[in-house]
Amino acid sequence: MKRIFTLILISLLAALVFSQVKNVIYLIGDGMGLSQIYLTSMLEGKPLSFMKTPYIGLVKTHSANSWVTDSAAAGTALASGFKTNNGMINVLPDGTVVPTIFEVAKAYGVRTGIVVTCRVTHATPAAFYAHVKSRDEENEIAKQLVESETVDVVMGGGWANFLPKDLGGKRDDNLNLIELAKKMGYTYVRTKEELLKIPANSDKVLALFAPSHLDPASSRREEQPMLYEMVEKALEILSKDDEPFFLMVEGSQIDWEAHDNDIYGVWKEVVEFDKAVQVALDFALKRGDTLVIVTADHETGGLGLSSGDYRVDVDKIRNFKRTTDWIMANYSPKDREKFKEVVEEYFGLTLSDEDLDRISTSKDPKIALGRILGEKVGVGWTTTTHSGILVPIFAFGPGAENFAGFLDNTEIPRIIMKLTGYSLQYPLLKEPATK
């Protein structure tokens, strides 16, 4: 209670003292709806860090062409303030290219950073610096990332999109974007150990820890950093000279675990994300000039906290030890007795013969396993894709009160620009979209 009161008091005082926001930390839980948040809080037995913030709102997420958005259109809305069609990144349905809030910030001399657990060319991070008609153009997105120099500090996965095929990458154009980045002044690292050794006075950093996405939070190998460790280092670098900065952080894999209808996976990914949020809040608490925003691009899975009988068996879920993806990668339901033993060992639940039949005959056995486990602990899922439900927004720091209430996702970057003093009249870019 004391910590909650302190957060509220400091936020109110900051709103009175500061007329403009100096720094912004924008944290996006991909696929993180209210159910994912509250279930994790139930399992952890305490409120999550961002649940203690003094201002909370609800956000509409629909895209220009669907009530159910994808991450490209949602990322565009969160980064540029414009609606576009699913699959498009900072290109409107009519082909108009729109600027991102990072590009606007750079015009004001603001340092920028991106920290994610997916490929840095994936939809949400790309929405802060790239302009493409299709989110699948990740080689082009990587090229734009390096050549534009829009982002000063980049941390995540996906080095394969930066290298030609003869060096183990995915590029057909023989471009070595990592060498180009080095020539442009970026310090390049590939391991957690190398990351932690980067001097705080570094100007530009490109840290890519995997050829594709980082490992899941629940089974990340030692050489890959956790999200909070990347955020700590990014804040150290971006704030070194006390100049304004804008950092975007994504808890990327909440979405994927929800796509898998995997309760344990969602739990552990939200916990990792929340640790990163706490780093951001601690930074902001010490300063008073930093706005922290926590939201989601959309909800994934249509997670319901009860599948019947007025219950959610929290204690049983706390016994879960592995993701369904890990189980299916290491064991086969065709070995029926062994599979039963494994589920008993890692989930504390007993599969019936009917359960095994359902898994074995499913088009996607992993999803079937996830849904069966959910049913046994009173948790339900309505889809393996995204839903159109509203997502929450939490805010702390100067100007946080502007994010309470009922918002559209396009309003968020526009409010940020107003609070930071970035021009809302920044012109649309007129160059044609990438083909």
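Colleague: Why does Asp 353 count as partly exposed?

Modeller: Asp 353 has 41% relative accessibility, and the class lies between buried (under 20% relative accessible area) and exposed (over 50%), with a 1.4 Å probe and protein chains only. The 41% falls between these limits, so Asp 353 is partly exposed. This is a predicted model, in which local features need pLDDT of at least 70 and side-chain atom pairs pLDDT 80 or more, while totals for chains, interfaces and linings use all residues. Residues are numbered from 1 along each chain as its sequence is written, and side-chain values use heavy atoms, without hydrogens and water.

Colleague: What makes Asp 353 and Arg 336 a salt bridge?

Modeller: Their side chains meet at 3.9 Å, N to O, and the criterion is a side-chain nitrogen of Lys or Arg within 4 Å of a carboxyl oxygen of Asp or Glu. The pair therefore qualifies, and because Asp 353 is in helix α15 and Arg 336 in helix α14, it ties together parts 17 residues apart in sequence. Arg 336 is partly exposed as well, since its relative accessible area is 29%.

Colleague: How do you know that the span of α14 agrees with a helix?

Modeller: Helices here are DSSP runs of H or I with at least four residues, strands are runs of E with at least two, and both are numbered from the N terminus. The expected span is 1.5 Å times one less than the number of residues. For the 12 residues of α14 (336-347) that gives 16 Å, and the end C-alpha atoms are 16 Å apart, so the two agree.

Colleague: Which residues of α14 are buried, and on what side of the helix?

Modeller: Phe 339, Val 342, Val 343, Tyr 346 and Phe 347 are the buried ones. They cover an arc of only 100 degrees (directions from the helix axis to the C-beta atoms), so they sit on the same side of α14. They pack against α12, α13, α15 and α16, where contact means heavy atoms within 4.5 Å.

Colleague: What joins Glu 138 to Arg 119?

Modeller: A salt bridge between their side chains, at 2.8 Å, N to O. The pair links distant parts of the chain, 19 residues apart, with Glu 138 in helix α6 and Arg 119 in strand β3. In the whole structure, 30 salt bridges are found.
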